[in-house]
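Have a look at the structure first, then follow along.

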Amino acid sequence: MTDQNERDDEQRCPVGGLSRRGFLGLGASAGVGALAASSGLGAVAARASALPDGATKTPAIQAQLQSFEGAHQAAILSEPTQATAFASFDVLTESKAELKDLLRTVTQRMRLLYQGGLPTNLGPASPTDDNGVLGPELPSQQVAFVFGMGSSLFDERFGLAKARPARLTQMESFPNDNLDPAQCGGDLSIQICANSSDIALHALRDLTKHTRGAVIPRWRLDGFQSPPRPSGTPRNLLGFKDGIANPGTADPTEMDDLVWVKAGSPEPSWTAGGTYQVARIIRMLVEFWDRVSLDEQETMIGRRRASGAPLDANDEFSIPDYKADPQGAVIPLDAHIRLANPRTPATAENRILRRGYNYDRGLDSNGNLDQGLLFTCYQQDIQRQFVATQTRLIDEPLVDYISPVGGGYFFCPPGLNGKDDYFGSALV
Amino acid sequence: MSRRGAAASLGVCALIVAGAILVALLTGGGGHSTRIVVSDSGCGFDWVAPHSGRTVFTVQNTTPKTIYSVALVGADQSSIYGQIEALAPSTEVPLDVVLPPGEYSFLCQTKSGYTLVSPSREVTGPPVADAHPYKPVDPQQIDFAMLDYRASLLPVLRRLVADTDRLATAVHAGKLAEARTLWLPAHLDYAKLGVAYDTFGPFNDLINGRPLGLAGGVHDPKFQGFLRLEYGLWHGQAAATLDPVAERLDASVHGLLKQFPKLAIPSGDLTLRAHEILENTLQFEFTGETDEGSNTNLATAWSNVKGTGLALTALHSVLNNANPELLASTTAQLGRLGRMLESYKRPDGRWVPLQSLTIDQRERLDGALSGLLEQLDLIPDQLQPAPTGGNDD
């Protein structure tokens, strides 16, 4: 719900043509990997190719393999998918060795889910390894993950206090927040991104099954991305195009300046290449909002609802010219987009990479729709970026129509160094 | 929850017809057909061995009769690598197997009670690490375990009767404060019996029924038993109102004890019990769903753990033969869960209400129980007898 620089469209859904090399190196227990390594593959492959398959013709989730083996978790820079499942988990294991097993398992399951193929055959004397929600064979390269760690993971339990990312804290409560502790925080965060909700939910169910007893989900929220209406940036549930301006993900310098953690003090060395994730469950009081005149809505946001253009321009991607409007006669000084990103040299370093999703989860106790925004953003330094931005937004006129109820701060470790690496390997 | 049919072991086949004559219906001439044709006169007669590793066969019943079971077995004729139960007439199903190098054959059980066996074939290729065959358990061993289990329930039943007598006496005397104290031990006796699903038939509704589906809810006359009494005792109902409730409960409990020797419990239920008792605990006790005012769900859960312990104890030797690691890990985790629950029992014998636990405490309990369930759920499958369509009259 903040507004920043130019969007870039270059990363939208490139088609992947990845080989199966990604899972060939997994251990024998890794199921799909073992399948590929075994010589029964011929028969299986023949059967697979005979499937009337939507999966292989669907463009792959972009760049995901790089997130497993590369400097960064690439799904962070990917454009939002059509569906997401975000979940926070608390870790229940009691030793560092068990934590290591957990992190290995989580990473290994993510690889398998991404890679797809026939689920592991556990033999006739066990319930099936896979839940069957996606049919007998999992689609390939249709799911992406972002993995994060909360500050509570770095408490005394596992002896990780010294390794705590320097800017990682519990999420504070801002004025006007209405936080429910049961929907806040968590030791781990996992965001699952896919282009249909069954794929995201299948992955969530798989991950919870294979980590049962070692972690427990603390809170979760599903989200979706609307298609362009009628064009351009997708709309949020206030009816406004949301996410028009973002730092350029195709510009490595900008990403290095704003998103990725740099090596060197005060950060511990293992964090370099990672990033901080802020997740906020922002309820939108849509019934109240719908009783507000269009003029007032547009004045609060600072953009035209129909086109997404800033109030001083005709095009959604125009840069608002605040210098020409110092008194806020056109775009009020307390309009959302103006507070969020004043577009001054001093505030350039406050910018964040937003990855928002709409959510809709039933009713509240008054029969009002429980809808809103699953806001996530990525940054190098939560205080310098998200907190500075959010602080400018305190008491903006829009606060009457929204109510942040949950969320958390997490650190997303860098990408994996090879096919045997796992998230958190530098820690345990 | 699946209920397995009664079993006949592979060893008792009446007749083995090797190499039954059947015209091959193989597709393609390339050499590696994965089609297995079975009928009441032939069982994969000219099946082709694949290379070692994973293969998905297609098993096809070409006859108008159901084939009770099809199993792919190793050279020892007892390790099962894949199985299909009840293959209906003119249907085909995939059979997904992982095979290390070695000799294999198919066994088919027909409706007429025959076991047909296919020619033995050699699977060649590199070693395979992730095959998970199982050896069917001798059904007689499960029968013996069931006898042990029933014997272990008897003292619990007798204690239930004695404790319920005391409870009913207190209610009858109008001593409701005392009744509230006596209610819990009697209810915990019942919870230790590990009643899951329809184990005790109509007795469970009489003794521990819930008001679900009753038009009058908690006020419906059909709502009776421990939970009905709990509702009254913790909602200020008069002794005169509760006296008949307690009396009926006591009578039901006596009836259960009397009927118990005659209550048929299928042997297969025991292995299911090993995980279903605690499935119910997670669903009904750890949610507080069954609470009618006493706030004793944690105590009930603790008793359910003890009840699961009785089932595991009865299965000890058979599980120890089949999968000692599973026995060790489930026993350890069950003990740990029991100790976690016990920590919520106060020195005066009262229990901390579930509703007063912190998020962290709830998470630890939920995690321990649901993690344990992911292990206990293996027991019915690990201890299954050989596949069969059931007794043929």
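## Chain B at a glance

In chain B, 71% of the contacts with a separation of 6 or more are between residues 24 or more positions apart. Keep in mind that this is a predicted model.

As for secondary structure, chain B has 11 helices and 9 strands. Of its 393 residues, 44% count as buried.

## A three-stranded sheet

Now zoom in on one sheet of chain B. Three of its strands make an open sheet, running in the order β2-β3-β6, with mixed pairing. At the edges sit β2 (35-38) and β6 (92-99) of chain B, each pairing on one side only. Ignoring direction, neighbouring strands here are turned by 30 degrees against each other on average.

How many bridges join β3 and β6 of chain B? There are 8, and the two strands pair in the antiparallel sense, with β3 of chain B covering residues 53-61. As a reminder, strands of a sheet pair through backbone hydrogen bonds, either parallel or antiparallel.

In soluble globular proteins, nonpolar side chains tend to be buried together. The largest nonpolar core here holds 88 residues, and Val143(A) and Ile192(A) touch the most other members. Which helix gives this core its largest share? That's helix α5 of chain A (residues 96-115), which contributes 8 residues.

There's also a second, separate core of 66 residues. Among its members are Leu153(B), Trp302(B), Ala314(B) and Val318(B).

Notes. Residues are numbered from 1 along each chain as its sequence is written. Chains are lettered from A and ligands numbered from 1 in the order in which they are written. This is a predicted model: local features need pLDDT of at least 70, side-chain atom pairs count only at pLDDT 80 or more; totals for chains, interfaces and linings use all residues. A nonpolar core is a set of buried Ala, Val, Leu, Ile, Met, Phe, Trp, Tyr and Cys residues joined through C-beta atoms within 7 Å. A residue is buried if 20 or more other C-beta atoms lie within 10 Å of its own, exposed if 12 or fewer, and partly exposed in between; C-beta atoms are placed from the backbone. Helices (H or I, at least four residues) and strands (E, at least two) are DSSP runs, numbered from the N terminus. Two strands pair if DSSP finds at least two bridges between them. Axes are lines fitted to C-alpha atoms, for helices over the stretch in contact, and angles run from 0 to 180 degrees between N-to-C directions. Two residues are in contact if their C-beta atoms, placed from the backbone, lie within 7 Å.
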